[in-house]
Each structure stands twice: as structure tokens, then as C-alpha cells.
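Here is a short note for a colleague who is opening this model for the first time. Please read the points in order, with the structure in view.

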Amino acid sequence: MKITAIKTSTMNVPNGPPVSEYYATNTYIVARIETDADLQGLGYTMLVGGFGARSVRAYLEESLIPLMIGEDPRDTGRLWQKMYENDRGIRKKGVPVYAISAIDIGLWDILAKSVEQPVWRLLGAHGDKVPVYGSGGFLPYTVDQIVTEAEGFRALGCRHYKFKLGRPNLMENVERVRDVRKALGDDVEILVDANQRWDVATNIRVANQLEDCALYWYEEPVLADNIAQCAEVARAIVTPVATGENEYTRYGFRDLIDQKAAQFLNPDIHRCGGFSEMMKIAHLAAAYDVQIAPHLVPELSIHVLASIPNAALVEFLAGSPDDLWVDPPEIVDGMMTPPERPGHGMQFSPEAIARYTA
Ligand SMILES: [Mg+2]
């Protein structure tokens with residue numbers, strides 16, 4: 001089997017509230033991989049807010065697609081390495097890895113379709129469902145709005161809910177968490193996310209005030225570039241730290257693990273290197289009993305989570321558009337099950353393609 005063409009396109013997908021308060025659209029860079037065997041693969045990567053999207057598409061078209069034409073798409077490991085090693089002048093963080101991820105996701109789609117199996121079964125199935133956590137609770141929300149959103153997820157059976165820290169008045173953050181904990185009771189685990197907003201001292205002050213709330217995790221306390229500082233926070237607070245949505249490849253995650261920066265890792269399949277690399281990251285973490293809870297992209301992350309021993313949770317963000325996909329995986333009794341369809345099982349809906357393609 002040979003790759004005959006890879007066709008790229010850009011889709012600007014509007015966010016509903018509450019995400020739209022921050023980012024009007026997310027941009028999908030799509031890579032449709034065509035073969036001489038009548039099989040197609042859908043690769044795609046998502047840029048939150050659209051930042052960097054044109055650069056990712058340019059890197060795909062200029063640096064990666066020429067490497068792929070004529071190759072056997074089923075050689076996922078070799079082709080990942082070929083993309084990774086193609087140039088030595090750009091470190092594989094940021095834009096190039098978003099692009100590599102898109103191609104890798106499309107290659108796995110073809111490989112799995114070629115043997116008529118879902119991707120998760122080829123990755124080494126461990127289970128067939130994973131608990132979902134509801135994610136949202138944006139900073140403009142009142143406590144009542146946070147509780148209402150959390151109750152909505154609880155009604156779907158979800159037992160974990162995440163909301164944001166980062167209001168300018170520090171004690172207000174502490175009081176919001178306490179109020180939410182009181183309103184939800186003890187049968188919902190609470191996760192908080194600082195989105196890299198604070199320095200080490202501020203995080204420690206806030207987290208120490210929250211010890212009695214028994215939080216499930218404390219996410220992205222400091223700038224993602226500064227792993228040593230994240231580790232400093234992790235050492236100083238009782239709540240487990242989660243991080244990794246802004247980290248790239250096995251090497252970045254090795255550094256997080258080496259420095260004991262987090263007890264939960266949040267790789268994003270569009271940023272960390274696709275299915276191939278996320279599996280390596282998950283297996284590396286398993287050797288340290290570190291758990292995996294991927295950032296966003298539940299429709300693809302669920303394949304990895306169903307295939308590893310150290311799966312924690314899959315993230316489901318409030319406000320994601322619901323007309324984007326044909327038959328996306330749904331939350332049933334708080335759990336998500338990966339599709340049985342061959343490949344990764346995802347297709348953009350014809351309406352979405354017509355409406356959002358730039
Ligand atoms: Mg986060």
C-alpha cells in the first residue's frame with residue numbers, strides 16, 4: 001500500500017459558551033491521507049483559539065507531506081521517526097509536533113482500517129470504558145454557575161468535575177473552591193486548574209489553604225516551560241499535581257517524570273505527537289505509576305486510555321460544538337467507550353465541513 005496524496009484544509013469551528021468568552025473559534029488543520037488501496041485516513045490537529053494554525057499547516061505542507069508520498073501508511077513507527085528526524089534545525093516542540101501529530105493520527109486510521117479493527121484494539125486493549133470528568137468552570141462563572149454545570153455532569157453519571165483558579169483576589173479563589181465543595185458534597189471529586197497563571201509561592205499559598213477540601217488534583221500551577229518550578233509546587237503541596245497539556249514528545253514527558261513534577265500527566269494527542277507518541281508517553285509513565293488523563297480531544301484520547309494500564313480520566317469540556325462529528329463517543333453512566341468502527345472512527349459531519357471550512 002502506498003500514500004498517493006495528502007490533502008490539507010482548515011476548519012474554523014466556533015465555540016459555544018463558555019469557551020467562546022475566551023476563544024471565538026478553534027481551528028482544525030485537517031490532513032486527508034489517500035492511498036492506492038482505496039483506503040483514506042483522517043488526520044487532524046486542533047489549535048485552541050486558532051493560534052499558530054497557519055504555521056502548522058505550512059509546516060505540514062512544506063516539511064512533512066513531501067516525506068510521506070509513496071510510503072506505506074501502515075509503517076506508523078518508522079514514519080513517525082522519519083518526520084521527527086527530517087530537520088535538525090527546529091526542536092520538536094510546538095508547531096512541528098502539532099503537524100506530526102496530524103499525520104500520525106491519519107496513518108493509524110489507515111492501519112486500523114486495513115485490518116478492520118478500531119485503533120484501541122491495535123494499541124493493546126486493556127478495557128472498554130473510561131470514566132469521564134466534566135471540565136469547565138471558567139473564571140467569569142459565579143459559584144452558582146459552576147455548581148449548575150457540575151450538577152449537569154453529575155446527572156450524566158460523572159463523578160469528577162474541574163474548574164478554574166485564577167481570579168485576581170487570592171482568597172476569593174479559596175472561597176469559591178470551598179463553596180463548590182460544600183454545594184456538591186463528597187460524592188463528586190473536585191479538580192482545579194490554574195492554567196499557568198501563578199508563581200510558585202502563590203500556588204503554594206492557595207493550595208495549602210485548600211488542604212481540607214481533599215482536591216483530586218491541582219493542574220498546571222506555573223508556566224509550562226518551567227518544569228523545576230512545577231516540581232517545587234508538587235513537593236510543597238498535599239494535593240497531587242497534574243500537568244502536561246503544553247508538553248511535547250516522550251522527551252518532554254520524561255523530564256516531567258524525572259523531576260517528579262506531577263502525579264497525573266495530561267498529554268494532548270494533537271500536541272504530544274499523535275497516537276504513536278502518546279502510547280510511548282503512557283508506557284513510560286506506567287513504569288513510574290504515574291497516571292494519564294489526556295487534555296481535551298476525548299474522541300481520540302479514548303483509544304489510548306482504553307489501551308493502557310494507567311488510565312485515569314478522559315476530559316469532556318463544556319461548550320464543545322455538537323454538530324462537528326458523525327456519531328461521536330458519548331457519556332453513558334459517567335463513562336466513555338471507544339467506537340468499534342474500524343480506524344479511529346471519527347469523521348467530520350458533511351454540514352460541519354460545508355460550514356466551517358475556511
Ligand atoms: Mg488545563
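1. Start with two definitions. Two strands pair if DSSP finds at least two bridges between them. Helices (H or I, at least four residues) and strands (E, at least two) are DSSP runs, numbered from the N terminus.

2. A word on the source. This is a predicted model, in which local features need pLDDT of at least 70 and side-chain atom pairs count only at pLDDT 80 or more, while totals for chains, interfaces and linings use all residues. Residues are numbered from 1 along each chain as its sequence is written.

3. Look at strand 2 (residues 25-35). Strand 2 pairs with strand 1 in the antiparallel sense, over 11 bridges. In that pairing, Thr 8 stands opposite Ala 31 of strand 2. Strand 2 also runs antiparallel to strand 3, joined by 8 bridges. There, Tyr 28 faces Met 46 of strand 3 as its opposite residue. In a regular strand, side chains alternate between the two faces of the sheet.

4. How many residues lie between strand 2 and strand 3 in their hairpin? The number is 4, and Asp 38 in the turn has a positive phi of about 65°. Strand 2 is mostly covered, with 9 of its 11 residues buried. A residue is buried if 20 or more other C-beta atoms lie within 10 Å of its own, exposed if 12 or fewer, and partly exposed in between; the C-beta atoms are placed from the backbone.

5. Now the domains. Their bounds come from an automatic or database domain assignment. The assignment gives domain 1 (3-117 + 349-356) and domain 2 (121-336). Taken over C-alpha atoms, the two centres are 24 Å apart. The contact takes 28 residues from domain 1 and 28 residues from domain 2. Residues are in contact if their C-beta atoms, placed from the backbone, lie within 7 Å.

6. Which elements give two or more residues to the side of domain 1 that touches domain 2? They are strand 1 (3-14), strand 3 (40-47), helix 2 (76-85), helix 3 (95-114) and helix 12 (350-356). Helix 3 gives the most, with 9 residues. This side divides into 15 nonpolar, 8 polar and 5 charged residues. Here Ala, Val, Leu, Ile, Met, Phe, Trp, Tyr, Cys and Pro count as nonpolar, Asp, Glu, Lys and Arg as charged, and the others, Gly among them, as polar.

7. Of its 20 residues, 19 are buried. The end C-alpha atoms are 30 Å apart, which agrees with the 28 Å that 20 residues should span at 1.5 Å a residue. The expected span is 1.5 Å times one less than the number of residues. Glu 116 follows helix 3 and has a positive phi, near 55°.

8. Check the other positive phi values. Most residues other than glycine have a negative phi. Gln 196 has phi near 65°. Its loop lies between strand 6 (189-193) and helix 7 (200-209). Gln 196 counts as partly exposed because it has 18 C-beta neighbours inside 10 Å. Val 297 has a positive phi of about 45°. It sits in the loop between strand 10 (291-292) and helix 11 (298-305). With 23 C-beta neighbours inside 10 Å, Val 297 counts as buried.

9. Finish at Ala 306, in the loop between helix 11 and strand 11 (314-317). Is Ala 306 buried or exposed? Ala 306 counts as buried, since 24 C-beta neighbours lie inside 10 Å. Leaving out residues up to four places away in sequence, its contacts include Trp 120, His 126 and Pro 338.

Technical notes:
Two residues are in contact if their C-beta atoms, placed from the backbone, lie within 7 Å.
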